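Here is a short briefing on helix packing and nonpolar cores. Look over the structure first, then read the points below.

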Amino acid sequence: MNKLSRLVPVLVLLILAPAVRLPADFLDESRADFDRRMNWWREARFGMFIHWGPYAVPAGVHRGREIKGTGGGEWIMHAAAIPVAEYEPYARQFNPTAFDADSWVRIAKDAGMRYVIITSKHHDGFCLWDSAVANYDVMDFAPIRRDLLAELKAACDRHGIRLGFYHSIMDWHHPDAQAPHFPTYNTKEKSNARFSRYAEDYMKPQLRELVTRYDPAVLWFDGEWIPEWTHEQGREIYRMVRSLKPSLIVNNRVDKGRQGSKGMNRGDRRYAGDFGTPEQEILAGISDFDWEACMTMNDNWGFRSRDHNWKSAATLVHQLVDVSAKGGNYLLNVGPTAEGLIPAASVERLAAVGLWLRTNGEAIFGTCSLRQYHEGDHIRYTASRDGNTIYAILTAWPDSAELRLARIVPEEGSEIRLLGHAGPVPWRREGKVTMISLPEAGRAASNHAWTLRVRGQEVVD
Ligand code: FHN
C-alpha cells in the first residue's frame with residue numbers, strides 16, 4: 001500500500017466527521033423529543049409497583065417481636081436494628097418456589113395496568129437478578145437459584161406489559177455503602193468514605209447489567225436522600241443509563257431535586273429525572289411536570305403478614321380517577337409473600353379495578369387533563385387527546401335525578417352517554433349550566449364510579 005492509499009480512509013473520516021453526531025447530552029433534550037419518549041408512559045396511566053425481597057420472610061416479625069407499622073415491611077432490617085449477619089439468614093431462606101411470573105403479569109394486566117415496576121434491589125441490598133458483581137443475589141445466596149427478573153421480563157414481553165426496575169441507591173448490605181453502620185444506622189448521617197467506590201464498582205456495573213440485559217422501560221431510583229449521594233452523581237447516572245438506552249424513562253429520585261414525600265422537584269429544571277414521584281399522596285391539582293403517585297394498598301410496601309388495613313376497591317378506583325384527572329400516573333403497590341404469591345386481598349382489589357376499567361377505561365387511558373379537572377368533590381374530568389370528548393367521572397351516584405354541570409359545554413345536538421348503559425341520556429342547557437337526567441337504571445352500569453362521555457368543551461373563564 002502506498003502512502004496515499006493509506007491516507008484515503010483517514011481523509012474520508014475527516015470529511016464525514018462533522019456529520020457524525022456527538023453523543024447527545026440527555027439533559028438537554030428538546031421538548032419534542034421528551035414528549036415523544038414520554039408518550040407511552042403518559043398514555044399508560046396505571047402501573048403495578050412490586051416490593052419484594054428477603055424482608056417478606058420475617059414479614060413483620062423478628063425474633064418473635066412484631067414490628068408494627070411501616071417499619072415491619074421492607075424497612076424491618078432498619079426498624080428492628082438487625083445486624084447484617086443476622087439479616088442474611090432471611091436471604092438464605094428466600095425461596096419463593098410458588099412464584100409464577102405469568103400469573104403476576106396476568107393479575108396486573110387484568111387490573112388494566114400497562115406497566116410493572118419491581119424492586120431489582122431495595123435498601124437491604126439483596127438483588128433479585130443474577131448480578132455478576134454481587135453474590136448477595138437470587139442465584140448465589142438464596143436457595144431459589146432462579147433469575148426472578150429474567151422470568152418477569154419474559155412474562156411481561158409475552159403479555160405486552162412494560163417492565164421497569166426500582167433500584168435503591170442506598171445499600172445496607174454493601175461494605176462500601178451503609179452496611180458498616182448497621183444495626184444502628186441513621187439514614188441522615190454521613191456513612192461511608194468509600195461510597196464512591198461502591199458507586200463506581202458496584203452500582204454502575206449493576207445498572208449496566210439491568211439496562212443491557214433486561215431492557216427495562218423505566219428505571220425508578222430511590223434512597224437518593226443519603227448525604228453521600230450528590231446532584232452531580234445523579235446527573236451522571238441519568239446520562240449513563242440513558243446513553244445505554246436513550247428511550248429509557250427515569251424518575252426524579254435519581255437526583256437530589258425531590259421535595260420530601262410530596263415528590264415533586266424543587267423549583268428549577270436543573271435536576272435530572274423525567275417525572276415527579278409523590279409517595280402515598282396525590283397532588284392537589286394539575287402540574288406541568290409529569291408525575292406518578294405511588295401508593296400502597298394497605299400500610300406497607302413489602303409484605304407484612306399482620307397488616308390488614310386494606311383500602312377498599314372504591315378508594316382505589318377513586319384514586320385512579322383523581323390522579324388521571326390531574327394528569328398523573330397511578331403506581332399501585334403489591335407486596336408478594338416469601339413463597340412468591342401476591343396476597344389474595346390485593347388480587348381481589350385489582351380485579352375490581354380491572355372490572356371498572358373494562359367499562360370506563362376510555363376515560364382514563366390516553367386521556368389528558370383539563371384546566372377544569374374537577375367540579376366539586378365528586379366529579380372529575382378527563383379529555384380525549386384531540387380535546388373534543390370530555391369525560392365526567394362521578395365518584396358518587398348523585399342524590400338528585402338531575403346532575404348539574406357548570407364547567408363543560410356539550411356540543412349542540414350531541415349525545416351524552418353513560419358508559420356501560422345502553423342509549424343516550426337526556427340533557428338540556430339551562431342558562432350557563434348543563435342539566436343531565438340520569439336514569440336510575442344507570443347506577444348498575446358500573447361500580448364505584450360512573451362516566452359520562454360528552455362531546456364538547458370545557459368552560460374557560
Ligand atoms: O424507603 C422507601 C420505601 O421503602 C418505599 O420503597 C418507597 C416507595 O416509594 N420509597 C422509599 C421512601 O421514599
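Which residues in H9 meet which residues in H10? Ala313, Leu316, Val317, Leu320 and Val321 in H9 meet Arg349, Ala352, Val353, Trp356 and Leu357 in H10 (contact means heavy atoms within 4.5 Å).

This is a predicted model: local features need pLDDT of at least 70, side-chain atom pairs count only at pLDDT 80 or more, and totals for chains, interfaces and linings use all residues. Residues are numbered from 1 along each chain as its sequence is written, and side-chain values use heavy atoms, leaving out hydrogens and water.

**Helix pairs**
- Helix H9 spans residues 313-325 and helix H10 residues 344-360 (helices are DSSP runs of H or I, at least four residues, numbered from the N terminus).
- Their axes come within 9 Å and cross at roughly 50° (axes are lines fitted to C-alpha atoms over the stretch in contact, with angles from 0 to 180 degrees between N-to-C directions).
- Helix H7 (residues 195-214) packs with helix H8 (residues 231-244) at an angle of about 25°, axes 10 Å apart.
- That angle makes H7 roughly parallel to H8 (angles under 35 degrees count as roughly parallel).

**Nonpolar cores**
- The largest nonpolar core has 98 residues (a core is a set of buried Ala, Val, Leu, Ile, Met, Phe, Trp, Tyr and Cys residues joined through side-chain atoms within 4.5 Å; buried means under 20% relative accessible area, with a 1.4 Å probe and protein chains only).
- Met48, Ile118 and Leu152 touch the most other members.
- H7 gives the largest share of this core, 8 residues.
- A second, separate core of 20 residues includes Leu370, Ala392, Leu405 and Leu418.

Technical notes
Helix = DSSP H or I, 4+ residues; strand = E, 2+ residues; numbered from the N terminus. Parallel < 35°, antiparallel > 145°, perpendicular 65-115°, else oblique. Buried < 20%, exposed > 50% of the residue type's maximum accessible area, 1.4 Å probe, protein only.
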